[in-house]
Amino acid sequence: MPSTPRTPSDLDPAIAARLKRSADGLLPAIAQQYDTGEVLMLGWMDDEALHRTLTTGRCTYWSRSRNEYWVKGDTSGHVQHVKSVALDCDADTLLVKVDQVGAACHTGTRTCFDTDVLLPAAE
């Protein structure tokens with residue numbers, strides 16, 4: 001299991017107190033295109049990644065595989081400009097509405113959810 005992020009955070013304590021994190025200190029963050037509603041990707045944020053996302057206007061995630069922060073688009077140029085961040089009713093998932101520049105998926109596709117569509121059984 002990857003190590004838990006240990007970076008101290010300047011996240012507003014009132015926001016931090018509301019968050020219900022997983023055992024490894026993370027929250028799933030769903031990135032959605034702000035104007036079309038298209039679901040783009042799922043990333044992971046801890047308090048510091050959320051703080052950076054809110055203060056810079058660019059999505060910052062915690063990479064569980066690399067054990068480091070990454071700002072979407074820093075290497076690919078496929079930037080996510082943050083329009084809003086919402087906490088779900090259970091305070092355990094983030095919805096980040098973004099203006100996506102280029103592909104959101106690391107495979108080069110627009111969304112991470114367009115490759116393997118599973119259909120329910122017909123009624």
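Why does Asp90 count as partly exposed? I looked up its accessibility: Asp90 sits at 40% relative accessibility, so it counts as partly exposed (buried is under 20% relative accessible area, exposed is over 50%, partly exposed is in between, with a 1.4 Å probe and protein chains only).

Before going on, I noted that this is a predicted model, where local features need pLDDT of at least 70, side-chain atom pairs count only at pLDDT 80 or more, and totals for chains, interfaces and linings use all residues. Residues are numbered from 1 along each chain as its sequence is written, and side-chain values use heavy atoms, with hydrogens and water left out.

**The loop.** I found Asp90 in the loop between β5 and β6 (strands are DSSP E runs of at least two residues, helices are H or I runs of at least four, numbered from the N terminus). Asp92 lies in the loop between β5 and β6 too, and is partly exposed because its relative accessible area is 30%. Leaving aside neighbours within four places in sequence, I saw Asp92 in contact with Lys20, Leu27, Pro28 and Leu87 (contact means heavy atoms within 4.5 Å).

**The record.** UniProt, in an unreviewed entry, lists Asp88, Asp90 and Asp92 under "binding site"; such annotations may be inferred rather than shown by experiment.

**The sheet.** Next I traced an open sheet of 4 strands with mixed pairing, in the order β2-β1-β6-β5 (two strands pair if DSSP finds at least two bridges between them). Its edge strands are β2 (39–45) and β5 (80–87). I then followed β5 and β6 (residues 94–100), which pair in the antiparallel sense over 7 bridges. His81 has Asp99 in β6 as its bridge partner.
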